[in-house]
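Please read the sequence and the coordinates side by side before going through the report.

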Amino acid sequence: MNTKELVCLAARLADDKKAENIKVIDLCGLSSLCDYILIATATSKPHLDAVEEEISKKLKEEGYYKSNRDGGDSNQWRVSDYGGFLAHVMTQEARDFYALDKILCFGK
């Protein structure tokens, strides 16, 4: 499975858990950090936990493991590094405040 297929799978998994406003941002050729960013909105801490866990569990079943994770038990934002893409699961409040959607759309 290539990185694009993997990030699309992660987006579908977030959708299966009822995450909102799911967006995949293509950074191929624009960033040395990763090729794609997945951003999904969770409505509460339990929802955030469920979305993050679903992505992690199903990708592990496919043989893909996160190389890093940040956010600990944050109530607002978690980020998982899968090498070719970063998965950001955040509350609407955090999404509005940090505005990753706007920052990451440079040059597009």
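The report covers the sheet, the helices, the nonpolar cores and the aromatic pairs.

This is a predicted model, in which local features need pLDDT of at least 70 and side-chain atom pairs count only at pLDDT 80 or more, while totals for chains, interfaces and linings use all residues. Residues are numbered from 1 along each chain as its sequence is written, and side-chain values use heavy atoms, with hydrogens and water left out.

**Sheet**

Helices (H or I, at least four residues) and strands (E, at least two) are DSSP runs, numbered from the N terminus. Two strands pair if DSSP finds at least two bridges between them. Five strands make up an open sheet with mixed pairing, in the order E1-E2-E5-E4-E3. Its edges are E1 (20–26) and E3 (68–70), each of which pairs on one side only. From one strand to the next the twist averages 10°.

E2 (residues 36–42) runs parallel to E5 (residues 85–91), and seven bridges join them. Within this pairing, Tyr36 is opposite Phe85 and Leu38 is opposite Ala87. With E1, E2 pairs in the antiparallel sense over five bridges; here Glu20 stands opposite Thr41.

Burial is defined by relative accessible area: buried is under 20%, exposed over 50%, and partly exposed in between (1.4 Å probe, protein chains only). Seven of the seven residues of E2 are buried. In a regular strand the side chains alternate between the two faces of the sheet. In E2 one side carries Tyr36, Leu38, Ala40 and Ala42, the other Ile37, Ile39 and Thr41, and all are buried.

**Helices and cores**

Contact means heavy atoms within 4.5 Å. Axes are lines fitted to C-alpha atoms, for helices over the stretch in contact, and angles run from 0 to 180 degrees between N-to-C directions. H1 (residues 3–16) lies across E1, E2 and E5, at about 0° to E2. H2 (residues 45–61) lies across E2, E3, E4 (77–81) and E5, at about 10° to E4.

A nonpolar core is a set of buried Ala, Val, Leu, Ile, Met, Phe, Trp, Tyr and Cys residues joined through side-chain atoms within 4.5 Å. The largest has 20 residues, and those with the most contacts inside it include Ala14, Leu38, Val51 and Phe85. H1, E2, H2 and E5 each supply at least two of its residues, with H1 giving the most, seven. Apart from this core lies another of ten residues, among them Ile25, Leu27, Ile37 and Ile39.

Leu38 touches, not counting residues up to four places away in sequence, a set including Val7, Ala10, Ile22, Ile55 and Phe85. Ser56 lies in H2 and is buried at 7% relative accessible area.

**Aromatic pairs**

Rings of Phe, Tyr and Trp (its six-membered ring) pair if their centres lie within 6.5 Å; planes under 30 degrees apart count as stacked, over 60 as edge-to-face and the rest as tilted. Trp77 and Tyr98 form a tilted pair, because their ring centres are 4.6 Å apart with the planes at 45°. Trp77 lies in E4 and Tyr98 in H3 (residues 92–98), so this pair ties together parts that are 21 residues apart in sequence. Phe97 and Tyr98 form an edge-to-face pair, with 4.9 Å between centres and 85° between planes. Ring pairs link Trp77, Phe97 and Tyr98 into a cluster.

| Residue | Relative accessible area | Class |
|---|---|---|
| Trp77 | 22% | partly exposed |
| Tyr98 | 38% | partly exposed |
| Phe97 | 65% | exposed |
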